[in-house]
Amino acid sequence: MKRFYLAGPEVFWPNAEEVGREKKRICQEYGIEGLFPLDNQLDLSDKPPYQQGLTIFDENISLMRHCDAVIANMTPFRGPSMDVGTAFEMGFMLALDKPVYGYTLDGRLYSSRVSDDSGCAVEQFDMIDNLMLVGAIERSGGQLVVQDEPCYLHAVPDVQRSLEVFRSLLEKLNS
């Protein structure tokens, strides 16, 4: 059974563990073992915050090394672009020559979400996020699923919609 690392900002959501369990359950329906970053049962109580962060980093790197691919939730998080940790995970998996798959609930082009009054250039490549992220999917042989209907997330994550788009990506991979 193939193992997929399930990357995304869900780890920060108030119901992170519940969402992770549901994503893993959906993966099983498609013959995939999903590994969620919070699967690491870590006792961090004896470590200072900095060491806690490094321990989490090391454990997530280990999880990714044991996976065949990554599925990344690329929905903008805390700004006009996706979660920066998820972006790193996509790049890491690409560097391991593993397929990178992505999905987003915000189908607007990256250039329409970014404004810069300082005179700095804004990417104009008709991509839903930074060219390096979309390029990681394209060049790894992965796929990107973009929600057809406009759905812009703000402070509260749309869990149901996120799971629906996640499922639609798995359906494409299974067809």
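Tutor: On a 1 Å grid over the protein atoms alone, a cavity is a set of points where a 1.4 Å probe fits but cannot get out. The model is predicted: local features need pLDDT of at least 70, side-chain atom pairs count only at pLDDT 80 or more, and totals for chains, interfaces and linings use all residues. Residues are numbered from 1 along each chain as its sequence is written, and side-chain values use heavy atoms, leaving out hydrogens and water.

Student: How many cavities of 30 Å³ or more are found?

Tutor: A search of the whole structure finds one. The largest cavity holds about 30 Å³, a volume being the space filled by probe spheres set on grid points, which are joined across faces, edges and corners.

Student: Which residues line the largest cavity?

Tutor: Y110, S111, E123, F125, D126, M127 and D129; a lining residue has an atom within 4 Å of a point.

Student: What makes three of the lining residues charged?

Tutor: Asp, Glu, Lys and Arg count as charged, so E123, D126 and D129 belong to that class. The lining also has three nonpolar residues and one polar residue.

Student: Why are β2 and β5 called edge strands?

Tutor: Strands are DSSP runs of E, at least two residues long, numbered from the N terminus. They pair if DSSP finds at least two bridges between them. The open sheet has the order β2-β1-β3-β4-β5, with parallel pairing; β2 (32-35) and β5 (144-146) each pair on one side only, so they are the edges.

Student: How do you know that β1 and β2 pair?

Tutor: Four bridges join β1 (residues 2-7) to β2, and at least two are needed, so the strands pair. Y5 stands opposite L35 in β2.

Conventions. On a 1 Å grid over the protein atoms alone, a cavity is a set of points where a 1.4 Å probe fits but cannot get out, and a pocket is an open set with protein on both sides within 12 Å along at least five of seven lines; lining residues have an atom within 4 Å of a point.
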